[in-house]
Amino acid sequence: MKESEIRPQQLFNRYLELSRRDIERFLSDRTRFKEVSCPACGCEERKPGLVKFEFSYVLCASCGSLYLSPRPTVEMYKYYYQEAESVKFWSTHFYRETAEARRQEIFKPRALLVGEWAKKSGIKSNGEGLFVDIGSGYAIFLEEVRRLELFGQIMGIEPESNLAKVGRYRGFDIIEKRLEDIEDGEVGADFATAFEVLEHAFNPLEFLGAARRILRPGGILMFTTLTVSGFDIQVLWENSKSVYPPHHINLLSTQGMRDLVARSGLRLIDLCTPGELDVDIVHNIQRENPAIQLPSFVASIINAPDDVRTNFQNFLKANELSSHIRVIGAR
Ligand SMILES: [Zn+2]
């Protein structure tokens, strides 16, 4: 898998440019922003992290998570997600134009993984189980899960009304709400997933608590997000395109993730960083902007022959040092 297939540079840069304009339109009044404590471990103590588009990210003194504080309020986000051009661009152009590449490279393998973990965890495979994807978007992933023929019912949770419509058109039940607004007992999933959602959540503890609530006892949650412990973010820091306000506001460390899962009441079953792209991402940034100074060791890795780059990426994966993190927990 290459970054350019799932995140073509031109489209992605356009998205970032629109995000910056949206910030000026909707989020210029910083006086309403809210200070928060570490979204992973709850610690109040912090160190300066980095500044991006005049937004301050801080580093938790205890667990090393990088997070935006102060941050726009939940109400500001609700309005922003309804109105912002960048959000529309993401769900129309960006997502649509990369949909098929994502189906092959991301959604199919993810569905297979769900199948593996469902079997491993003894989820009933008699066609009675309920599967729920949080943030189901274009429902392409739901289609891939349907192909597994493991679950009796497959459902999405998608607050964005156009996307919810697409999901229903593809034949799925879609709950058109934010996860946090779902009532206790409304859903009882055997297996739930939330891919690349946590980094956006105003309050990750509340988000994971809500994800736990939609599971039946013994139900499994699989989720992925970005981690600040990963290679490309550590190396690129403020130049990383993964760190951008107001969308990505929580970049938990691997330690912070363990703390957060424990606080949410989920039982941690597995945590790993199976990312494939760290080396490719650093390489692409350097090609795009040669002025960025990289440590010479890093430069020698990213410019090395393919087999060396692959070995290095495998090392990152095996040692919780890739920026793509996957967690499996149980209620
Ligand atoms: Zn912390």
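Reader: Let's start with helix α9. Which of its residues are buried?

Author: This is a predicted model. In α9, which covers residues 254-264, the buried residues are Thr254, Gly256, Met257, Asp259, Leu260, Val261 and Ser264.

Reader: You mentioned β2. In the open sheet of 4 strands, what is the order?

Author: The order is β1-β2-β3-β9, and the pairing is antiparallel.

Reader: Which strands stand at the edges?

Author: β1 (46-52) and β9 (250-251) do. Each has a single partner strand, so one side of each has no neighbour in the sheet.

Reader: How many bridges join β2 to β3?

Author: There are 3 bridges between β2 and β3 (residues 66-68), and the two strands run antiparallel. Val58, for example, has Tyr67 in β3 as its bridge partner.

Reader: Different topic. Is strand β5 mostly enclosed or open?

Author: Strand β5 (residues 153-157) has 4 of its 5 residues buried, so the rest of the structure largely encloses it.

Reader: Which strands does β5 pair with?

Author: One is β4 (residues 130-134), joined to β5 by 5 bridges and running parallel to it. Ile134 has Ile157 in β5 as its bridge partner. Another is β6 (residues 173-175), which pairs with β5 in the parallel sense over 3 bridges. There, Met155 stands opposite Asp173.

Reader: What holds paired strands together in general?

Author: Strands of a sheet pair through backbone hydrogen bonds, in either the parallel or the antiparallel sense.

Reader: Which helix goes with β4 and β5 in a β-α-β unit?

Author: Helix α5 (residues 140-148) does, and the unit is right-handed. Helix α6 (residues 161-169) makes a right-handed β-α-β unit with β5 and β6.

Reader: Last topic, the largest nonpolar core. Which residues touch the most other members?

Author: Phe131, Val132, Ala192 and Ala211 do, in a core of 83 residues. The largest share of this core comes from strand β8 (residues 215-226), with 6 residues.

Reader: What does Ala192 touch?

Author: Leaving out residues up to four places away in sequence, Ala192 touches Val132, Ile134, Ala211, Ile214, Leu215, Gly219 and Leu221.

Technical notes. Residues are numbered from 1 along each chain as its sequence is written. This is a predicted model: local features need pLDDT of at least 70, side-chain atom pairs count only at pLDDT 80 or more; totals for chains, interfaces and linings use all residues. A residue is buried if 20 or more other C-beta atoms lie within 10 Å of its own, exposed if 12 or fewer, and partly exposed in between; C-beta atoms are placed from the backbone. Two strands pair if DSSP finds at least two bridges between them. A nonpolar core is a set of buried Ala, Val, Leu, Ile, Met, Phe, Trp, Tyr and Cys residues joined through C-beta atoms within 7 Å. Two residues are in contact if their C-beta atoms, placed from the backbone, lie within 7 Å. A crossover is right-handed if, with the strands pointing away from the viewer, the path from the first strand over the helix to the second runs clockwise.
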